[in-house]
Amino acid sequence: MTHTRLTVIGAVTTLLLTGAGVAHADDAPSVPPGTEATASAPVEVDPNDPDLKLPDGATLAEAKVLDIKQVVEDQSGDERREDTNSDVKFALQAEVLFPKDSAKLSAQAKSRIASIAEEIKTQNATKIRVFGFTDNLGSSAHGDVLSRKRANAVQSVLDQELNDSDITYEVRGYGEQYPIADNSTEAGRKKNRRVEVSFPRAEN
């Protein structure tokens, strides 16, 4: 499979100013509950340090660390892998896994899920999240049900492949919530129709 590396974001400590000379940071895209970054700042920052050269009246907001993230997507866009310092996440487009408006997996889909299971074994992960998503076409209720059925189908194959009673799964269907692309275009809707499998990285 040919891969295209999209972006690598380094870990940085962000210092936000309040008061005079206010600096604003854009909010990160919304993510499903339980998948938020939790890293804390690695160093203490002295707000009275003269090297900071704060404008008069400005104060420091709490320092925080942005996760290191590496994203690799195949050329077709059918499969996407995100690696952070704490987690691995695979996103598979629904068209690769299922027929239209269906939760029945194809043979090709099962082989892709099996490759994810191999990575789970490599990372020795025992807590796995399987989240389903749809675009915003059709009713919200239908999307909720379909996305949950698709997440269940993927989880079932993972369970068969891993065959490990120590592994626990969190399986949810979010429907049209948490889009990662613009639902006003078919290209965007295609990206939003997906199943994500995420799990912790092995500690070094």
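The second largest pocket of this protein is lined by 15 residues, of which Lys 100, Asp 101, Asp 135, Leu 146 and Arg 193 lie nearest its centre. The elements that each give two or more residues to this lining are helix 1 and helix 3, where helices (H or I, at least four residues) and strands (E, at least two) are DSSP runs numbered from the N terminus. The model is predicted, and for that reason local features need pLDDT of at least 70 and side-chain atom pairs count only at pLDDT 80 or more, while totals for chains, interfaces and linings use all residues. Residues are numbered from 1 along each chain as its sequence is written, and side-chain values use heavy atoms, with hydrogens and water left out.

**Overall make-up**

- The secondary structure of the protein comes to 4 helices and 11 strands.
- Of the 204 residues in the protein, 35% are buried, where buried means under 20% relative accessible area, exposed over 50%, and partly exposed in between (1.4 Å probe, protein chains only).
- Among the contacts in the protein with a separation of 6 or more, 72% are between residues 24 or more positions apart, a contact being heavy atoms within 4.5 Å.
- The accessible surface comes to about 12200 Å², and 49% of this area belongs to carbon and sulfur atoms; accessible areas come from the Shrake-Rupley method with a 1.4 Å probe, and for residues only the protein chains shown count as cover.

**The second largest pocket**

- About 330 Å³ of space lies in this pocket, a volume being the space filled by probe spheres set on grid points that are joined across faces, edges and corners.
- On a 1 Å grid over the protein atoms alone, a pocket is an open set of points with protein on both sides within 12 Å along at least five of seven lines, where a 1.4 Å probe fits, and lining residues have an atom within 4 Å of a point.
- Helix 3 provides the largest share of the lining, with 4 residues.
- By class, the lining has 5 nonpolar, 4 polar and 6 charged residues, where Ala, Val, Leu, Ile, Met, Phe, Trp, Tyr, Cys and Pro count as nonpolar, Asp, Glu, Lys and Arg as charged, and the others, Gly among them, as polar.
- Asp 101, one of the residues nearest the centre of the pocket, is placed in the loop between helix 1 and helix 2, and its phi is near 55 degrees, a positive value in a residue other than glycine.
- Leaving aside neighbours within four places in sequence, Asp 101 is in contact with His 142, Leu 146 and Arg 150; the C-alpha atoms of Asp 101 and Arg 150 are 9.9 Å apart in space, although the two are 49 residues apart in sequence.

**The largest nonpolar core**

- This core has 26 residues, and Val 154 and Leu 158 touch the most other members; a nonpolar core is a set of buried Ala, Val, Leu, Ile, Met, Phe, Trp, Tyr and Cys residues joined through side-chain atoms within 4.5 Å.
- At least two residues of this core come from each of strand 8 (87-93), helix 1 (94-97), helix 2 (107-123), strand 9 (127-133), helix 3 (140-162) and strand 11 (194-200), and helix 3 gives the most, with 6 residues.
- Beyond its neighbours within four places in sequence, Val 154 is in contact with Leu 97, Phe 98, Leu 105, Ile 113, Val 130, Val 195 and Val 197.

**Individual residues**

- Leu 105 sits in the loop between helix 1 and helix 2 and counts as buried because its relative accessibility is 14%; its contacts, apart from neighbours within four places in sequence, include Leu 97, Lys 110, Ala 153 and Val 157.
- Gln 155 lies in helix 3 and counts as buried at 17% relative accessibility, and, not counting residues up to four places away in sequence, Gln 155 touches Val 130, Tyr 169 and Val 171.
- Arg 189, in helix 4 (residues 186-192), is buried with a relative accessible area of 16%, and among the residues in contact with Arg 189, leaving aside neighbours within four places in sequence, are Asp 135, Asn 136 and Asp 182.
- Asn 163 is found in the loop between helix 3 and strand 10 (168-173), counts as exposed at 68% relative accessibility, and has a positive phi of about 45 degrees although it is not a glycine.
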